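Could you walk me through this structure, starting with the annotated part of one chain and ending with the contact between the two chains? I would like to follow it step by step.

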Amino acid sequence: MKIHKYDTVIVGAGGAGMRAAIEATKRSRTAVLTKLYPTRSHTGAAQGGMAAALANVEEDNWEWHTFDTIKGGDYLVDQDAAEILAKEAIDAVLDLEKMGLPFNRTPNGTIDQRRFGGHSRNHGEAPVRRSCYAADRTGHMILQTLYQNCVKEGVEFFNEFYVLDQLITEVDGVKKSAGVVAYELATGEIHVFQAKSVIYASGGTGKFFKVTSNAHTLTGDGQAACYRRGLPLEDMEFFQFHPTGIWRMGILLTEGARGEGGILRNKDGERFMEKYAPVMKDLASRDVVSRSIYTEIREGRGCGPEGDHVYLDLTHLPPEQLDAKLPDITEFARTYLGIEPYTDPIPIQPTAHYAMGGIPTNVQGEVLLDNTTVVPGLYAAGEVACVSVHGANRLGTNSLLDINVFGKRSGIAAAEYSASNDYVDLPEDPASLVEAQVERLREATGNERVADIRRELQETMDANVMVFRTEQTIKTAVEKIGELRARYLNVSIQDKGRRFNTDLLEAIELGNLLDLAEVMAVSALARKESRGGHYREDYPNRDDVNFMRHTMAYREVGDDGSESIRLDYKPVVQTRYQPMERKY
Amino acid sequence: MATPVLDKAEAESSASPYITVTFRIRRFNPEVSEDAVWEDFAIEIDPKERVLDGLHKIKWDVDGTLTFRRSCAHGICGSDAMRINGKNRLACKTLIKDLNPEKPITVEPIKGLTVLKDLIVDMEPFFQAYRDVMPFLVTKGNEPTRERLQSAEDRERFDDTTKCILCAACTSSCPVFWNDGQYFGPAAIVNAHRFIFDSRDEAGEQRLEILNDKDGVWRCRTTFNCTDACPRGIEVTKAIQEVKRALITRRF
């Protein structure tokens with residue numbers, strides 16, 4: 001075991017982690033621990049753009065953006081946070097441009113903007129061009145630009161270091177962050193990083209679904225590490241299903257395709273979104289479009305021999321426009337489906353895409369211990385966190401925005417905290433939990449396989465807690481997850497070595513997914529209403545009287561060692577927008 | 001009713017899409033042996049699946065010790081460049097049906113970088129070459145309050161080289177790099193090109209001097225392996241030629 005000391009430690013090197021690192025490195029001695037090489041993060045898979053009311057191509061202002069974000073989130077958004085997001089969006093985009101990001105340009109040389117789902121002029125009147133973009137690889141360009149600037153600033157990376165535990169020490173009755181414990185993939189060595197402040201920026205949890213746009217590595221490691229140490233997880237029942245994933249594979253096809261004029265059609269060729277969202281049509285918010293697609297499929301208007309998908313039609317758009325604005329996604333259709341999007345529609349289905357919930361933070365990125373108390377020295381930003389700016393459903397282009405605005409804020413806040421506070425003592429034997437976990441898995445001789453349990457988990461999640469949920473389906477999922485958790489104790493791995501043991505890491509990741517899937521299902525079971533991405537067929541309406549509140553899930557361990565989930569609730573911050581019925 | 005699940009539909013369709021394919025994989029684990037060996041795995045797979053899906057089937061159902069890097073699985077993250085049937089490609093962007101699955105599919109680590117275990121190589125020399133070309137925007141004077149202006153034509157000038165995902169498929173396909181690891185390699189030059197030809201940047205001269213080095217662009221022998229290998233379709237050799245021309249004319 002090695003012990004390292006840094007002022008600030010950042011967990012994860014995607015957009016939020018590197019944006020934080022650029023700020024933190026200027027102000028404090030900073031280390032970035034990342035399980036992947038920095039440019040491998042799934043931020044790079046984001047396509048369509050980053051919202052900001054620059055008003056470069058038509059009238060727009062950040063107040064409209066704030067409203068759209070709150071309405072898009074079905075009023076579960078904390079409105080003070082949404083206001084910050086929309087207001088600071090403008091500088092966040094300009095910062096990236098100054099760092100070198102090659103945005104597409106207007107004829108007069110300013111940053112070009114395009115339409116995106118749920119973004120409107122004047123509180124829902126009509127779609128507005130708010131998304132700043134670089135072809136259909138905006139996430140790729142953000143990731144590259146941030147890494148380039150990390151190179152420029154001399155950010156110190158620990159690549160392929162996998163953080164497995166969050167250390168918390170109680171000082172005078174206050175729980176404070178003391179550092180993290182990491183596993184070095186190359187050698188199998190365990191490292192303790194003592195740090196004055198820690199920022200989690202480790203991304204989402206999408207791999208507990210089968211059809212997902214998420215990378216194999218998105219296994220909720222940061223959420224799980226904090227949750228196991230008694231910290232709450234907020235709004236985990238809210239998961240976004242992106243309407244246009246490649247049929248069966250789940251690979252993302254950007255909403256920008258519809259922003260450029262693409263149309264969804266059922267087997268009769270009908271533009272069915274006109275029925276569900278007369279004003280915004282194909283550019284309604286993602287939860288609305290995904291439900292509409294599955295309604296078409298369930299009512300027998302799906303495409304193909306099994307009637308299990310619909311079409312994204314781009315054939316009426318000029319090939320030059322597709323080449324210039326959507327080169328990557330048209331190539332995905334050619335590579336993975338053998339389809340030419342110039343002439344043929346693309347089969348799509350909703351794909352598990354984004355966790356609205358996560359580690360609760362305030363607007364400075366400080367992690368919450370309960371509804372109001374912060375954990376001094378602990379921060380989170382990006383998809384791992386829940387500020388909450390996305391509420392019950394995130395708008396497209398608001399995640400690239402979130403990582404930049406709150407990555408920067410948490411980087412500055414954590415480094416300032418490091419500058420004015422001392423190290424907290426490490427707990428006694430700080431690596432013990434991780435050492436025990438790793439040794440147990442290495443020596444286990446049980447007869448269960450990681451791949452089998454993961455497959456069954458993904459299947460039950462797709463079948464039971466996806467776009468449509470009922471009490472019955474969620475209970476089925478909870479029961480199945482419980483059974484899988486029990487079987488997980490009996491899991492064994494084949495690779496017993498220390499060098500690049502990815503077999504071991506996949507086993508650990510599965511443990512994280514199981515914990516988080518259970519939190520998600522239990523949170524969903526208790527929310528007896530429909531709101532944003534959480535749709536209950538047995539409770540099809542939003543219930544502001546009983547459920548205008550954030551779910552806070554805590555892990556409880558009984559005296560006999562038994563584990564359970566305790567649910568609590570936190571009020572939503574409302575400033576100027578009263579909840580209204582949501583129509584697009 | 002729950003959301004429709006696709007597997008049911010799959011099970012109902014009549015003819016099985018699966019065929020038997022042999023993966024011949026270069027294995028190396030210094031914890032076990034100093035020598036690398038070929039190992040064959042025969043698996044059932046739908047030919048429309050990716051080579052990466054095949055590797056996962058082996059790792060998950062047959063041999064958990066098989067080790068490789070991967071993340072996004074659709075050609076964006078750059079983790080899984082490997083030598084497949086003798087050619088550098090991304091395992092997640094190569095479909096089985098495009099490889100003649102009648103014969104064994106050979107999978108080896110990319111060349112010119114030290115193999116650490118199975119298909120995993122040491123990427124550090126590759127990233128060091130990248131860092132050495134100053135891969136970031138350099139500007140002088142006061143920052144404007146709004147964005148810097150750039151015409152659509154000026155933006156288009158370096159569009160191709162902004163697509164790079166740093167997967168190392170190009171660099172590790174280059175015979176010059178195989179023979180001399182000191183050569184910057186195509187990927188580093190591509191990333192220098194991305195800034196040299198960016199109208200906003202003011203450090204083009206410095207980058208050109210870095211690439212004028214004995215291990216710089218002049219080592220390129222225009223074999224086009226890099227262009228063939230690039231999974232993003234970047235015209236790598238053309239970019240290197242443009243940097244060479246800029247060094248001669250000092251115009252960019």
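The paragraphs below go through an annotated span, a sheet and an interface in turn.

Please keep in mind as you look around that this is a predicted model.

Next, let us turn to a sheet in chain A. Four strands form an open sheet here, in the order β11-β14-β13-β12, and their pairing is antiparallel. The edges are taken by β11 (239-246) and β12 (263-265) of chain A; each has a single partner strand, so one side of each is without a neighbour in the sheet. From one strand to the next, the twist averages 45°.

If you zoom in on β13 (residues 310-313) and β14 (residues 346-355) of chain A, you will find these antiparallel strands joined by three bridges. Within β14(A), P347(A) is the bridge partner of Y311(A). As background, strands of a sheet pair through backbone hydrogen bonds.

Finally, let us see where the chains meet. Here 55 residues of chain A are in contact with 44 residues of chain B. On the chain B side, the elements giving two or more residues are α1 (6-12), α2 (51-62), β6 (115-117) and α4 (152-157). Sorted by class, this side of chain B has 20 nonpolar residues, along with 12 polar and 12 charged ones.

Terms used: Residues numbered from 1 in each chain as written. Chains lettered and ligands numbered in written order. Predicted model: local features only at pLDDT ≥ 70, side-chain atom pairs only at ≥ 80, totals over all residues. Contact = placed C-beta atoms within 7 Å. Nonpolar A, V, L, I, M, F, W, Y, C, P; charged D, E, K, R; others polar. Pairing = 2+ DSSP bridges. Axes fitted to C-alpha atoms, helices over the stretch in contact; angles between N-to-C directions.
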